[in-house]
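Me: I would like to go through this structure with you. Could we take the points one at a time?

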Amino acid sequence: MPSTGANIRAVASPLRYSDSLIAGILRRVRTIAMVGASPNWKRPSNFAMKYLQQKGYRVIPVNPRAAAAGASILGERACASLAEVPAPVEMVDVFRGSEAALEFTREAIRLREDKGFEVVWMQLGVRNDKAAAEAEAAGLTVIMNRCPKIEYGRLWGELGWGGFDRGVISSRWPRPATRDERAG
Amino acid sequence: MSEETPAPEGSSASDWGFETRMIHAGAGPDPVSGSRQTPIHQTSAYAFHDADHAASLFNLQTFGFIYSRLGNPTVAALEQRMASLEGGCGATCAASGHAAQVLAFFPLIEAGERFAASTRLYGGSVTQFSRTFPKFDWQCDFVDTEDLSAVEAVLAQGAKALFVESLANPGGVVTDLETLAGLTRAAGALLIVDNTLATPWLCRPFEWGADLIVHSATKFLSGNGTVIGGAVVDSGRFDWSASGRFPGLSEPEPAYHGLKFSETFGELAFTVHSHAVGLRDLGASMAPMNAFLTLLGTETLALRMERHCRNALAVAEWLTEHPKVEWVSYAGLPTSPYRELAEKYLPNGAGSVFTFGVRGGYEAGVRVVEKCELFSHLANIGDARSLIIHPASTTHRQLSDEQRAAAGAGPEVVRLSIGLETVDDLVRDLDIALAAA
């Protein structure tokens, strides 16, 4: 299973996504189907799932083995396939190898209308240009070789706590949330 | 998400210019108070939201602070800025430049293993590598990095890293980083560059293939002779998993339930490890006040370095004409054997630390230092004040004669760190001191 970090240097040409594209996705998405989510808390997928849950996303694990055992991962019942994921789910996060990403992307394209998929996101270290081209032709937004946990932390500050260059500069001081925003 | 900083629209912020990043990187308005200058977070520890949050932090599953030995918001702001200015992925600040060096090697070298280092280093680094590191059973092979076959040989003998200074202290020596990076890459080893004398304004070692950069923040970064501090910056480019030579980063870490740093954190692995294991167990963390003063210093880094370099070149040119001066070793001089390397690696200037030889040897060297009125006689460099020292009797005193000669710190050598004063005053002070020498 790929991780948040493996093989990023093996990837051919660098991919560039604007901060506004990534931030737009992370603002719009509420529910994520995580293909390859592991029940083992030490696995990178489990780290990412837990972090995204803490940030308010619902993350539905897609893991056939865990589903066959009737297991839940971080409180969410595992699904055997994307077809079993309860709609609506806006994003498919592929935590599997670059080869396998094609199969899951094609499944996401087939189920797009049923499930409400808008984004196919391939994890850091995962890149499949053929899958991306097919998904984009079908009207899906595609992000490859990025981790939503790291991108969330990078765009909204927490990654910097670890001493990492976020590449973000802003002199604006955002106003606190209103009552409605807190309630919503 | 509404309470958090909105991401800027438009281009990715890594496109910001150097001068913008030296002021803004890592330091937006404080989210709680709006404080525009980075607050000094003078706290030992940090509250947890609940037990699950605490567990997530201890398991490294989320970003955040536990205890200031491992991380502190003011220190983290400086770490982000250092990573940004060097074009790296992340940085780890340390209590001193020497602590940063221990921190750099700590994840890389196991007991009984070797690394190589240039003979042209700050004397304190030579002593640290040759006297204290062997107590951890880390063995250092010193090598003349201008002898490329010697470098290849020492790498072939198992050296896991090569440590050099981009602009070497004390002697106006510029290191051929790109060539050495080619050799370390071919050998599966790391190139670690001490970029203290050059600063990221003058030299960017990652652009030439370095893997790690270390700094003494005590020097030009803080710039006023106020702090002791250091930093390790990671390029994020070394593939620990593929290499297999660095089990500390690629194999299960028992203290974190068998977590593999390189698998879990990818390009962030080295910096996460440096905080979560390195600072946790070595404990040489930077104090928040020192981080604050260094942040203030970096805000004017480019401006100061421009003037440091201009003053240094003027003083060096004047010294070459002086009858009591045997030679001047400043890479910015047209006569310097390092002129070509300086043009390649230090296009904005050759720094402000250099040496010259006084006619009359050891005794004359000591007298020049003692006769200065404006230059401060002390063991530091990279201050707004001009500094002078006789290395053979001070900074390089603990070395052997051979080590001193190799490091460019022979008996007649005087080292200057040219400050930001009126350059005519600096020249007059040296003129009087040389006349008396």
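Me: How many salt bridges are there between chain A and chain B?
Reply: This is a predicted model, and the count between chain A and chain B is two salt bridges. In one of the salt bridges, A:R43 pairs with B:E263, with the closest N and O atoms 3.1 Å apart.

Me: And how many residue pairs are in polar contact across the interface of chain A and chain B?
Reply: Twelve residue pairs are found in polar contact across that interface, with both residues at pLDDT 80 or more.

Me: Which elements give two or more residues to the side of chain A that touches chain B?
Reply: They are α1 (19-28), α2 (44-54), α7 (148-155), α8 (158-161) and α9 (179-183) of chain A. The most comes from α2(A), which gives six residues.

Me: How is that side of chain A divided by class?
Reply: The side of chain A that touches chain B has 21 nonpolar, 14 polar and 14 charged residues.

Me: How many residues does the contact take from each chain, chain A and chain B? And what is the area buried between them?
Reply: Chain A contributes 49 residues to the contact and chain B contributes 61 residues. The buried area between the two chains is about 4800 Å², and carbon and sulfur atoms give 56% of this area.

Me: Changing topic to chain B: at what angle do the axes of α3 and α13 cross?
Reply: Helix α3 (residues 73-86) and helix α13 (residues 288-298) of chain B cross at roughly 35°, and their axes come within 8 Å.

Me: Is the crossing of α3(B) and α13(B) left-handed or right-handed?
Reply: The crossing of these two helices is left-handed.

Me: Which residues make the contact?
Reply: From α3(B), the residues are B:T74, B:V75, B:A77, B:L78, B:R81 and B:L85. From α13(B), they are B:P288, B:A291, B:F292, B:T294, B:L295 and B:T298. By class, the residues of this contact divide into eight nonpolar, three polar and one charged.

Me: What about the backbone: which residues does a cis peptide bond join in chain A?
Reply: A cis peptide bond joins A:A87 and A:P88, with omega at about -5°. A:P88 is in the loop between β4 (76-77) and β5 (91-94) of chain A.

Me: Where does B:D137 lie?
Reply: B:D137 is in the loop between α5 (123-132) and β3 (139-143) of chain B. This residue has a positive phi of about 60°, although it is not a glycine.

Me: Back to salt bridges: how many does the structure hold over all chains?
Reply: Over all chains, the structure holds 21 salt bridges. Among them is the pair of A:R106 and A:E134, whose side chains meet at 2.8 Å, N to O.

Me: Which parts does the pair of A:R106 and A:E134 tie together?
Reply: A:R106 belongs to helix α4 (residues 100-110) of chain A and A:E134 to helix α6 (residues 129-137) of chain A, so the pair ties together parts that are 28 residues apart in sequence.

Note on methods: Residues are numbered from 1 along each chain as its sequence is written. Chains are lettered from A and ligands numbered from 1 in the order in which they are written. This is a predicted model: local features need pLDDT of at least 70, side-chain atom pairs count only at pLDDT 80 or more; totals for chains, interfaces and linings use all residues. Side-chain values use heavy atoms; hydrogens and water are left out. Contact means heavy atoms within 4.5 Å. Buried area is the accessible area (1.4 Å probe) that two parts lose on being put together, summed over both. A salt bridge is a side-chain nitrogen of Lys or Arg within 4 Å of a carboxyl oxygen of Asp or Glu. A polar contact is a pair of N or O atoms within 3.5 Å; within protein, one must be able to donate a hydrogen and the other to accept it, and residues adjacent in sequence count only if both atoms are side-chain atoms. Helices (H or I, at least four residues) and strands (E, at least two) are DSSP runs, numbered from the N terminus. Ala, Val, Leu, Ile, Met, Phe, Trp, Tyr, Cys and Pro count as nonpolar, Asp, Glu, Lys and Arg as charged, and the others, Gly among them, as polar. Axes are lines fitted to C-alpha atoms, for helices over the stretch in contact, and angles run from 0 to 180 degrees between N-to-C directions. A crossing is left-handed if the near helix is turned anticlockwise from the far one by less than a right angle, and right-handed if clockwise.
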